[in-house]
Each structure stands twice: as structure tokens, then as C-alpha cells.
Amino acid sequence: MVLQKSGNISGDHRVAIIGGDGIGPEVISEALKVVAASGVKLETTNFDLGGARYLRDGEILSDATLNELRGFDAILLGAVGTPAVPPGVIERGLLLKMRFELDLYINLRPFSGVGPGQTKSHDFIVIRENTEGPYVGEGGVLRRGTPHEVATQGSVNTAKGVERCVRFAFELAMSRKRKHVTLVHKTNVLTFAGDLWQRTFDRVAQEFSEVVTGYNHIDAACIYFVQDPHRYDVIVTDNLFGDILTDLGGAVSGGIGVASSANLNPARNGPSMFEPVHGSAPDIAGKGVANPVAAILSAAHMLEFLGEQTAATALRVACESPVTGTTKAVGDEIVKRVRASI
Ligand code: IPM
Ligand code: MN
């Protein structure tokens, strides 16, 4: 299985915990409770980072802290961002800095369930390129605030970056029953970037004769997510399309409260980072009502990546049938299910 670390691993894993802002710490504490119930022992270190920390003393993610993070086996993150900090500061300075500097080039986001109005269940994984595209910060602004203002924001796509992402998607497809990969892009308009993605996809496909391939434009994919989601198995797409498509994926798969993600460095020359797709949800923070399932399923990705397959499966199975209630009640119920299955 592509996500598994080779060989047997025993003993502790050193995990950096970034609870972050809003509901982040609440859902992470439930996730850690559930991991403990699986029998896997984590050696955790808390990092106080996020919008609240930034407002307190100005630290977003210093190079010294980043270097400390490099020494861990994995990073588990709740959510970061608070309304008091202008958009972009924490996102670029903390989350994107980690993704870029730790070379977490795969953002893996699985979706399953029965979509609204659907009768058949779907089960697919979006592989979102996580270090390039319009996210890199290319571009700039001229004559800001004047009627002649010019703003550009380019999408950066490298042959290396696209290929390693596409290759990951094909390898993942090989580990799945259907062995199907769909490229999602906008090749009819973004003819430069789209051409690089399509040619790379076609070339890598030749090495995987058992994998069936498809292509959808991003706008059409949005329709299919709602009307025919079971057509998909593995989807590979760029950073921005993947960002948007995975919120939609959450919306048709039980809601954003259960959408999990893994930010992977498949080369394993540093830690990978695991986080729910949802944000810090300041409107419900501190009320104890946030759904911890997305964080628990993100912890399951972490366990799988650390080689703890049995525990990862136990967490996933425990989250299969719905649980409702407060954050703590949901965590307690999932702990009970995990204990019963181990
Ligand atoms: C996500 C988030 C981030 C992104 C933001 C917070 C920078 O929306 O993980 O999907 O756009 O990647
Ligand atoms: Mn997003």
C-alpha cells in the first residue's frame, strides 16, 4: 500500500501537535484520546502556533520553530486562523510555509458516503498538488489603490512538481480495486499549465497499463461531484482546483465535519502533516459542539503513514457509522468502539 512505511515499526512515534485556533484544540484532544485507545503510544510535543499566538507575540512560524518541527515523525494540526488577523497572514506564514518548506507535495483527501439525492455510495480520493499552482505567491501589484491598479497572481507548474503528483495518484490507484484515475483541470482555457498536466498525465499513464484514465474539466467535475460522484476513484488535480473541489467533496460526503486530509512528504525526508479539511470555526469555538470526526480520521491517516495499519483501520471503522452529540461525547463513543475492536 502506497501510504505505508516499509518494514515493521514498534514503539513510540514522536508527534508535534499544533492545536491552533478556535475548534482546533478541541477536536485534536479527542483525536489524541482515540489514538491512545488504539494502543499506539505517541510521544507528543505541543506547539503553540496560530492566530492567537501571533496576536500575543508576533510569532507565526519562525525558521527555528520550523527546524524543530523537522525532527518529528509527524505533525497533527487542528485548525489555524482567527478573525482578528487579516487574511493571508497565518495561512501563508504558517500553513503554506509548512507545506512548502517540508515539501508536503501531496494533499490527500478521501471522500465516501451517499451524496444528497444519490442512491449509490461513492468512495474516491482527491490527490491535490500541494506546493505549486497559484498558491506559490508569484505575481505582484502596481499602483495599488489607484484607478490604474494592476494585480497579477500567476500559477506556477513545474515538470518535476506535476510529475511527482501524477505519479503518486497512479501508484495509489494501483492499490485500489477500481484502478481508475481522473485528471481534473481546465485544459481548454489554461492551455499552458493544462498542457503540461495533460502531457505528464498521459506519459505517466503509459507506465501503468492496468490503470484506466479519464479527464474532466474542473467545472464539469463540480457537476459530477453533485450528480454522479460514484464515477470517481482517484482524482488528481492542481492546488487551487483541489482546494475548491475538496470542499465540495466534503459537502457531498457527510459534511466538512468529517472531511480529513493528509499533507504528505512521500520521500519521507521530513515529517508529514495531518489536519482536518475544516477551519477554526470561530462561531462555534469553545462551545464543545465541533465534530471531531475529521480530526480523528486525519489521525488515522497519520497512523497509517507511520506504519500502524491495524490502529488506522480501527479508527476508520469506528467512524463509519454516524455518531452525534457534543465533541466530547462523540470522542468518547469512538474511543469505546476502538477499544472494543482492538
Ligand atoms: C485548505 C485550506 C487552506 C488552503 C487555507 C487555509 C490556506 O482552505 O487546507 O483547504 O487553501 O489550502
Ligand atoms: Mn480549502
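**Legends: ligand 1 and its surroundings in a predicted model**

**View 1. Polar contacts of ligand 1 with arginine side chains.** A polar atom in the side chain of R128 lies 2.7 Å from an oxygen atom of ligand 1; a polar contact is a pair of N or O atoms within 3.5 Å. The protein covers 76% of the 320 Å² of accessible area that ligand 1 has on its own (Shrake-Rupley method, 1.4 Å probe). For R99, a polar side-chain atom is 2.7 Å from a ligand 1 oxygen atom. An N or O atom in the side chain of R109 lies 2.8 Å from an oxygen atom of ligand 1. The model is predicted, with local features requiring pLDDT of at least 70, side-chain atom pairs pLDDT 80 or more, and totals for chains, interfaces and linings using all residues. Residues are numbered from 1 along each chain as its sequence is written, chains are lettered from A and ligands numbered from 1 in the order written, and side-chain values use heavy atoms, without hydrogens and water.

**View 2. The shell around ligand 1.** E91, L95, R99, R109, R128, Y135 and D243 surround ligand 1, with a heavy atom within 4 Å as the criterion. These residues comprise 2 nonpolar, no polar and 5 charged (Asp, Glu, Lys and Arg count as charged; Ala, Val, Leu, Ile, Met, Phe, Trp, Tyr, Cys and Pro as nonpolar; the others as polar). Helix α4 (residues 89-101) contributes the most to the shell, with 3 residues; helices are DSSP runs (H or I) of at least four residues.

Terms used
Polar contact = N/O pair within 3.5 Å; in protein donor to acceptor, adjacent residues only side chain to side chain. Helix = DSSP H or I, 4+ residues; strand = E, 2+ residues; numbered from the N terminus.
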